[in-house]
Amino acid sequence: MSPYDLLPRFKAQYDANNQEFSISGVVRPQAIDELGPSIALLRDAIGRVRGVLYVNVRRLTQMNNAAFHAFSRIIIDACRARPDLKFVVITSSVVGWTSRKFGRLSGIEPNITVEEYDSEFYPGQGFLEGGGFVPILRTQTKMTWRHERAILPRHGMRPGIVMADICCGIGDFAVLVQKEFQPSRIVALDHSRSSLAYARKVAAEFDIKGIEYTYGDASEMLLEENQFDLVTCRHSLQVFNRPELILRELFRICKPGGRVYITNEKNSHCLGEPRADSIQWTYNEVAKLWAHFQMDIELGPKSRRYLTEAGLEDIRVESFMVSNHDGDPQDFADVIAAWENVYAGEMATKRGDTPAFIRRFRQGFQDHIFAALHSKGYAGWPIWVASGRKPL
Amino acid sequence: MEPVHHDLAGGPAFEPMIQIDMEIKAFVSVWRHCDYVSTYMARMISQNRSDSVRHSNLFSSAFNELLEVAFRTRHADGELACRVSRHGATDRIELILPCVPEERRFYEEAVSQVAGIEARERYLNSVSGDLAPSREVVLLELAVDYNATLRLEEADGDAIKLVVDLPLEGLRH
Ligand SMILES: C[S@@+](CC[C@H](N)C(=O)[O-])C[C@H]1O[C@@H](n2cnc3c(N)ncnc32)[C@H](O)[C@@H]1O
């Protein structure tokens, strides 16, 4: 037996406040006594709760039939002994077998319901995941790539590495990396099925091989630990209300000695000439608007702190300015128009902003576009890049 | 489109992907072998599936159950062979294991029950029943939850060959 065999590979917990029993990890016992403490915990929980007991299996990656039967029996027996009690089993859409297997329980006992946890991952998800944003993400990646391709090698990018792009969106970055740097393997993960479908379609059309697109939740990934030389997560920490949870996962899947690479914005530092004041006012308001929805579009310069607190070392931070002079100024203008559309549209309306506010808010975006397209104008969008090494 | 090959029996030909052979004695000496082998093979064969991570998780889950069944079989001496091959959306697991004659009868019976129409009901009854899942129930579950089809084929000597087709790519999200 190797020492590894002795490590517990699963964890059971009971949270009395939420009446929630959860079990996570890999549960493949040979004999049921190996589950003794967890079974006792479940029984104890059942004895204490009133009304509903939540059984959370979202982070359960594997469970053999022997263990499944042992836990199911206790729940089924409890339903029979206490008709007042209801069970809600919460599965994850990411782990393919759990909803099917646990779903059978509701056919056996009507007091058991099974819910697939799949929505509301971050507060602003609805705004940004709508299909309309896709062309803009493409344009944004095209503009940032001009800078990032030169920056990436300073953060651990090189041919032959194994890398993961977490929150990959429509996958353009993975494709560009593949072409330019030829890593040996790229896993690209996102929690939007429509984005992944789009990414797969592009890969198939252009006959791009070697990128594995996978559906997953960045805050609890099925990927194993210590796998990747480089883990990238671009423009995404800023959309989560608790970015440290995502960082913990990025850290976990990174190899010791490998690097975690993140890019983020500080939107209040978007700028332009002419009409600088109006532009600045609007982007300050963008930051407040995002904060209202618990997202931090100002995260960029905080990267150093986040990476350090995640346990990374040798932190490197740099920034670059995407401007209207990178390529076609119309691309820049298109991106701003899309921002205006979402921020001054759906988001401002949802916050309940007045028509007067929205008018002024829109004006700043229009002025930014004006600056971008002006023959003597300058328009900028700053990005912070940061990476850190996982200690050996 | 992938070219379709046909073997002599007229069925579509499965392309071999990976094979592991182990001494039965060595295999049954450590329970964790089931987990190691299923996880390792799942990872190896899933990389070119449309969703490699999800496929690997599902495959490992199903394959581990099969290995646990093989672990609990009363064996003759000899070798356990695990082979995975692929045709389109279907992955085929072949387990060749030496076993004593009554074990052969167990497998024959179990496989015919899996194919039966009441498979699902039998499985549900077992979940609410008292007994820990028997090996037969474990095989039933593969059919019920993974849409697996199972059959037995002739193998040399005291061995049997269990063939399990898993259409995991088609399993709904
Ligand atoms: C602002 S986009 C950035 C996309 C891409 N990295 C880029 O630079 O274009 C944020 C991405 O995070 C994804 N996302 C949101 N919540 C997620 C979660 N819990 N797990 C994985 N991805 C998630 C969204 O689907 C979206 O594609």
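1. The model is predicted; local features need pLDDT of at least 70 and side-chain atom pairs count only at pLDDT 80 or more, while totals for chains, interfaces and linings use all residues. Residues are numbered from 1 along each chain as its sequence is written, and chains are lettered from A in the order in which they are written.

2. Chain B contains six helices and five strands (DSSP runs numbered from the N terminus: H or I of at least four residues for helices, E of at least two for strands). Its radius of gyration, 16 Å, is close to the 16 Å of the globule rule for 173 residues, so chain B is as compact as a globular protein of that length. That radius is taken over C-alpha atoms, and the rule is 2.2 Å times the number of residues to the power 0.38.

3. Of the 173 residues in chain B, 55% are buried, meaning under 20% relative accessible area with a 1.4 Å probe, protein chains only.

4. In chain A, strand β2 (residues 20-27) pairs with strand β3 (residues 52-56) in the parallel sense over three bridges; pairing requires at least two DSSP bridges. Strand β3(A) is also parallel to β5 (residues 86-92), through five bridges. Asn56(A) is the bridge partner of Ser22(A), and Ile90(A) in β5(A) is the bridge partner of Asn56(A).

5. Ala372(A) lies in helix α12 (residues 355-373) and is buried, with a relative accessible area of 2%. Leaving aside residues up to four places away in sequence, Ala372(A) touches Asn324(A), Pro329(A), Phe332(A) and Ala379(A), where contact means heavy atoms within 4.5 Å.

Note on methods: Heavy atoms only, no water. Buried < 20%, exposed > 50% of the residue type's maximum accessible area, 1.4 Å probe, protein only.
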